[in-house]
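Hello,

Here is the structure I promised to pass on. Please take a look, then read my notes below.

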Amino acid sequence: MSEELERLLLQLTQPDNAAIQQATAQLKQACKDPAVVPALCDVLSGSQNPLIRQTATVTLRLKVKKHWKKINSNDRESLKAVVLQAFMQETDHTVQHALSQLCAVMVKHETPDRWPALLQLLSQATKSTNPHDRQVGLLLLNKVVESNPTSFKPHYCELLQLLSTTLQDHNNPTALYYCILTLIGITAFIGTEEMKQMRLIIPGLIVALKHLIKANEDQATEAMEVFIELMEIEVSVIVPHIADIVHFCLEVASDTTLTDALRVKALSCITFLIKLRSKSVLKLKLLGPILKALFPILTAAPPPGEHDPEDEEDGDSDDSTDNPKQCSVQVIDTMALHMPPEKLFHHLIPLTQACLSSENPHQKKGGLMCLAVLAEGCADHIRTNMLSSVLQTVCRSLSDSNQVVRSAALFALGQFSEHLQPEVSTYCSELMPMLLGYLSSLNEEKVGHVSKAFYALENFMENLGADIEPYLPTLMETMLSTLNNTNKLRIKELTVSALGAIANAAKELLVPYFPPIIESLKGFLTATTEEMRSLQTQSLDTLSVLARTVGKDVFSPLAAECVQLGMNLTDATDDPDLRRCTYSLYSAVSTICPESITPHLTAITTVMLLALKSTEGFTPHLEEDKNFVLLDDDDEDDDTEEEKDIEDLTEEEPKTDFVDATGFNVENAYMDEKEDACGALGEIAFSTGVAFQPFLESSFQQVYELRDFPHEDVRKAALGALGQFCRAQHKVWTENPSEANHQALLKLLNVVIPCFVETVRADVERQVVMGVLESMNSVIESCKEEVFKNPSFLKEICSVIREVLTKKTPCQGGDPDDADDEDQQAEFDAMLQEFAGEGIPLLASSVPADQFSPFLNDLLPLIMSKAKSSCTVADRSFSIGTIGEILHALSNAPGGRGVAGRLSNRLLPVLVAGVKDSDAEVRNNSVFGLGCLAEAAGPIVVSDYPTMLSVFSNMLVKESDQRVIDNLCAALCRMIMSNISAVPLKQVLPALVDRLPLKKDMEEYKTVFKCLNMLYKHSPDMIVELMKPIVAASSHAAGHKDVDEETKNMLVVLIKEFAQNHSAAFQAATASLPAEQQVKLGAAVSAS
């Protein structure tokens, strides 16, 4: 049989499809014969042809993997002996590799202890004096341990001793390579007893990597993954060696003679370390050395005659970090996200300023790129301390003679526009003309540079709101003209995207331009050619934005047509990006015209659920012998489908975007599709209400499956959608109260709330946890007491808020050095705590105050600790704002007055101190808090009224910030409504009314008019004396779009009282108003 098998295996290696198919069929048949195992053993140990020996080995592996239990015991023992003997005798590396994989599969069935000969061979080979024997021994060790790490756990101590010794074998780089790969394989499984050994290995590991770099840079690149694996799985192992690892990685990253891949890997290790252990990096004084090493990389000129990838003119570069320069920018970006800005800027700004003052364009570019990536993580710091100066620097750079510098300046301006709002928008009158002028001067042949100009303009416009109005005619003329006149598809695509940004800012102001925009988009939306696909998807995105912004009346006539367009496109084209954009379109249409979506929910949800279930875009890592598809004995195979060999995959691997940590290659387009499908399902469920009920359970189940999905953006979107489903069901129940709807809500909450709590306690990604806290807050805000029908939820939610506020969750790193400097932390870490803190007032408004009081007493000190003068402005604002919102919630909660009264002695000093803060937002929140304290605590704080009134009296004279003055008026109103007799109205009321109308905080009109109505009933003469300014304020509020109907109704009640009972004074007051204000007031009265 051996000779026949060798003939078949030889036939498989021939370049003849017909011969291969014939041989495969015969081989499958032969493999059903029990004698095939010894026969294949004969071939793999006796054939003279290494390709046949390799093929025989792979065939055996497939047989063993699926049918080990069916091989008789004698053949098994024989196979174990033959394989080991063949392995040590084999001279061809490819065959050795295949044999090592066969051993790895056999160990899965046998375990090492039931195969003592394997352990003996490993021990002998790895300790051999022959370098080649050590190499192949370590190859075998690597494969069997990597495939069966838990089976070898009893041998880890001995194994680590061996690996520690092998790391000193500096003249045998292949042995070093397999040794380090084995270390990577067991890292996730080491226990506390092996930790000490692992720590001792690190210095030798660094030296070994230095030797491996000299011998084989590709292998060294792969081996350096050991640091990332250790950081991710067991960071405590490397903590004592952080400085050594950083210096080694910087040495590698700075060596321009090494490959880009190796240098990028070294920089990636530093990025990962900063993400996990930023405080340790600071404590060890490594920030300075890291930055000093990064800047020469960041500012290096490309080779003569070449450009950096992002400066090429063939269109957009992607934002990948596959070269050292881009990766060095990523390191600084990570620092900004994970380090206190004060400490980072102390080291960074001198280096950045030196670059910006250089005449070298690549130095200038480096400085600008550095400023750009600081904007997201250090937004508060830049806004508060240096916004004007960095904007001036960037604007100056836009007129630089070198395009490389101008491109970097555009990127920086785009980043500032995205992350430094709303302050950046106050520079609108300078920046908009400059950007429009710059765009009009560009040569559209330089598509890459034009893309950057559009990026800056789009990000700046998107956040302008109504301030865009003066520029609309010019903008729209430019955009519509570009769409009509350019023949470059990329320029059209950029223009269509810019139209979406304009719509986000302009909203209803865009209505006059809506017909020509739609006319321009129509041709792109119905395109059928592949080259138009990108423009088509962008047009769908912009159409979605228009649906949300131009108003229901304008867009509704197109709603049904848009839904049909989306379904036609997904029917005709299999493209994840296109499908993703149709989901966004359906979602947008559902918010303004749910009846257009309802008839098509079956078709729409089917496509989305298929996208969520799909594994398209995921490819398991395939081994090199993937094309041996030999054994698929369906009639014999009683193993589960899950054990189907990855070798059975014959199709080519698709082009992939990144390798996911779970052992899959993942294409980003499919991840984006899943993310958007989750978001759309949640929003459509909420918008369509009862109509979505038949689809809620299947949608919930499929989204719930993704709650621990490997890709963080998908995970975050899925968790957000779960919250939306709860809110949707609550809305259905309140609109259609029935026991069935109520039980369905409670059932959802009983699954989703524990899921949220568990995610906060387990997820390592800060953005995911922020998203979950935000979703949980939304669910509590919508569903209120229904959330707490489960008696355990209040305690669990309060516990998890406490864990975030005390930095005890995995996504906060658990860095022991955190405790060293409580007042300084990364802005995003502070933001995470803000999301947690925002839940406290929501709990106060959802639960009876006495029930919540013990938890509030526990949480409040954690909030108050951030009000200290040494804390950042953002922390102080958050702390005092949260206190104010808690008091506001208690003012409406059952039993809230008693709880607020008991807290007043603790809170009053904090709020009074906040009124004197240098920051307007902190003062504003303090004033709001004092008003809410008076409202919530009632008579209990009457004795504190003189103090509060004195504080407010001083503020009325000195305060210049309009929002603070508005809140001051509202706070005085709250004090009056709570204890009218404790306020000297004759002095206070005229001063209050004199500050009307409100200038910034229109929401507080509700408090003001509620108070004025009450005062009119209590002391009408006093109000009538002040009628003129009150009528003026009423006319202002009546015509303001940000004042709600409830408030307008309140002011109308007062105005009608004036008109009926004090007609002469009222006519005089209205006559003094401008004609426009008179009309608005009249319209409000008529409408009531």
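D917 and R876 are both buried (under 20% relative accessible area counts as buried, over 50% as exposed, and in between as partly exposed, with a 1.4 Å probe and protein chains only). Their side chains meet in a salt bridge, 2.7 Å from N to O. By salt bridge I mean a side-chain nitrogen of Lys or Arg within 4 Å of a carboxyl oxygen of Asp or Glu. The pair links distant parts of the chain, 41 residues apart. D917 sits in the loop between α43 (896-915) and α44 (920-937), and R876 in helix α42 (residues 873-890). Helices here are DSSP runs of H or I with at least four residues, strands are runs of E with at least two, and both are numbered from the N terminus.

A word on the basis. This is a predicted model, where local features need pLDDT of at least 70 and side-chain atom pairs count only at pLDDT 80 or more, while totals for chains, interfaces and linings use all residues. Residues are numbered from 1 along each chain as its sequence is written, and side-chain values use heavy atoms, leaving out hydrogens and water.

Back to the salt bridges. The structure holds 38 of them. R761 pairs with E796, with the closest N and O atoms 2.9 Å apart. R761 lies in helix α36 (residues 739-762) and E796 in helix α38 (residues 793-805), so this pair ties together parts 35 residues apart in sequence. R761 is partly exposed at 29% relative accessibility. E796 is partly exposed too, at 31%.

R114 bridges to E110, with 3.2 Å between the closest N and O atoms. E110 is buried, at 5% relative accessible area. There is also a network of salt bridges linking D308, E310, D311, K325 and K365.

Now the helix packing. Helix α1 (residues 2-12) and helix α4 (residues 50-67) have axes that come within 9 Å and cross at roughly 105 degrees. That makes α1 roughly perpendicular to α4 (the class covers 65 to 115 degrees; under 35 is roughly parallel, over 145 roughly antiparallel, and the rest oblique). On α1, the contact (heavy atoms within 4.5 Å) uses E6, L9, L10 and L12. On α4, I52, T55, A56 and T59 take part.

Last, the annotation. An unreviewed UniProt entry places "domain: Importin N-terminal" at residues 23-89. That span is 81% helix and 0% strand, and its end C-alpha atoms lie 28 Å apart.

Best wishes

How values were computed:
Axes fitted to C-alpha atoms, helices over the stretch in contact; angles between N-to-C directions. UniProt positions renumbered as here; feature names shortened; annotations may be inferred.
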